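These are my notes from going through one model, entry by entry.

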Amino acid sequence: MLGADDAVTGALLAKGWPARPLVDQPLGIDLLNTRWVVGGVAYDLLDHDDLTAAWLADRELEPVRPVPRRPLREARAAVAAVIADPADHTALNALLDHGRVRLTVDERGRVEHDDVPDPRWRAAWACLRDFVVLREAAPDRVRKCANPECVLHFQDVSRTGRRLWCSMTGCGNRLKARRHHNRVRATS
C-alpha cells in the first residue's frame, strides 16, 4: 500500500538509519524520495538490496532476484532530470522503451496492462508510468523542495498550488528561520 512503509521502517531500524520522510507521495515521486538527508548525512535505499527489496514490498511491486537496483536508480535519475528541466525527456523516453501499455476491453470498458518483458525493469517501469500519468494530470504540481539543502520531491495538492516545501515544519521553518536570522544580523 502506498504510504505504508512497514517493511522499510523495520529494515531502517535494523541498520540504525532514521525514518524516511515524506512517504505519502505517489509512486513516481516516492521513487525520488528513496534518498534523503538527515543532519547532513545522505541516505539511499537503492544502495542496499535489503532496503530496496523492502521498498518494493511496501509498494506492492513484484519482487525480483537479483534486486533491480540499477533500473530503479536509472528511473529515479530520469524522473529527477525531467523535474529539473521539463523539456529534457531523453532519458525518460529511453527508459520507457523497456515496456508498453497494452489495452484490452472488458464489461467496464478500457483496461490498461503494463507489458514489460524484462522482469528486472517492471518495478522501474511502473514508477516511470506513474510519474508520466501524474505529470500529465498536473504538470505544475510536481516539485522539488525549495530548500536547496533538501533532496525531497512532492506533489503539491494544496488548494492554491503554491506549496514550496516538502514539509512546512521541517524545511519551511528552517529556511524561514535562517532568513530571519540573517536579516536581524544584517541590521545589527
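I began with the cut-off I would need for accessibility: a residue is called buried when its relative accessible area is under 20%, exposed when that area is over 50%, and partly exposed in between. I also noted at the outset that this is a predicted model.

Entry on Leu22. With that cut-off in hand, I looked up Leu22, which has a relative accessibility of 18% and therefore counts as buried. Leu22 sits in the loop between H1 and H2, and I noted its positive phi of about 55 degrees, although the residue is not a glycine.

Entry on Glu60. I then turned to Glu60, where phi is likewise positive at about 55 degrees and the residue is again not a glycine. Glu60 belongs to the loop between H3 and H4, and I recorded it as exposed because its relative accessible area is 63%, over the 50% limit.

Entry on H1 and H3. Next I asked how the axes of H1 and H3 are placed relative to each other. The axes of H1 (residues 6–15) and H3 (residues 49–58) come within 7 Å and cross at roughly 160 degrees, and since angles over 145 degrees count as roughly antiparallel, I wrote the two helices down as roughly antiparallel. The crossing of this pair is left-handed. On the H1 side the contact is made by Asp6, Ala7, Val8, Ala11, Leu12 and Lys15, and on the H3 side by Asp50, Leu51, Ala54, Trp55 and Asp58. Sorting these contact residues, I have seven nonpolar, four charged and no polar.

Entry on Ala57. Also in H3 is Ala57, which I noted as partly exposed at a relative accessible area of 49%. I looked up its C-alpha separation from Leu134, 77 residues away along the chain, and the value is 22 Å.

Entry on H4 and H6. For this pair I found that the axes come within 8 Å and cross at roughly 15 degrees, so H4 runs roughly parallel to H6, and the crossing is right-handed. H4 contributes Pro71, Leu72, Ala75, Val79, Val82 and Ile83 to the contact, while H6 contributes Ala123, Ala124, Cys127, Leu128, Phe131 and Arg135. In this contact I have 11 nonpolar residues, one charged and no polar.

Entry on the core. What does the largest nonpolar core look like, and which residues have the most contacts inside it? It has 46 residues, and those with the most contacts inside it are Trp55, Leu61, Leu72 and Cys166. The elements giving two or more residues to this core are H1, H2 (27–32), H3, H4 (69–84), H5 (90–96) and H6 (122–137), and H6 gives the most, with eight residues. As background, I wrote beside this that nonpolar side chains in soluble globular proteins tend to be buried together.

Entry on Cys166. Last, I followed Cys166 and, leaving out residues up to four places away in sequence, found that it touches Leu22, Cys145, Cys150, Leu152, Phe154 and Cys171. That list took me back to Leu22, already noted as buried.

Notes
Residues numbered from 1 in each chain as written. Predicted model: local features only at pLDDT ≥ 70, side-chain atom pairs only at ≥ 80, totals over all residues. Heavy atoms only, no water. Axes fitted to C-alpha atoms, helices over the stretch in contact; angles between N-to-C directions. Helix = DSSP H or I, 4+ residues; strand = E, 2+ residues; numbered from the N terminus. Parallel < 35°, antiparallel > 145°, perpendicular 65-115°, else oblique. Left-handed = near helix turned anticlockwise from the far one by under 90°. Contact = heavy atoms within 4.5 Å. Nonpolar A, V, L, I, M, F, W, Y, C, P; charged D, E, K, R; others polar. Buried < 20%, exposed > 50% of the residue type's maximum accessible area, 1.4 Å probe, protein only. Core = buried A, V, L, I, M, F, W, Y, C linked by side-chain atoms within 4.5 Å.
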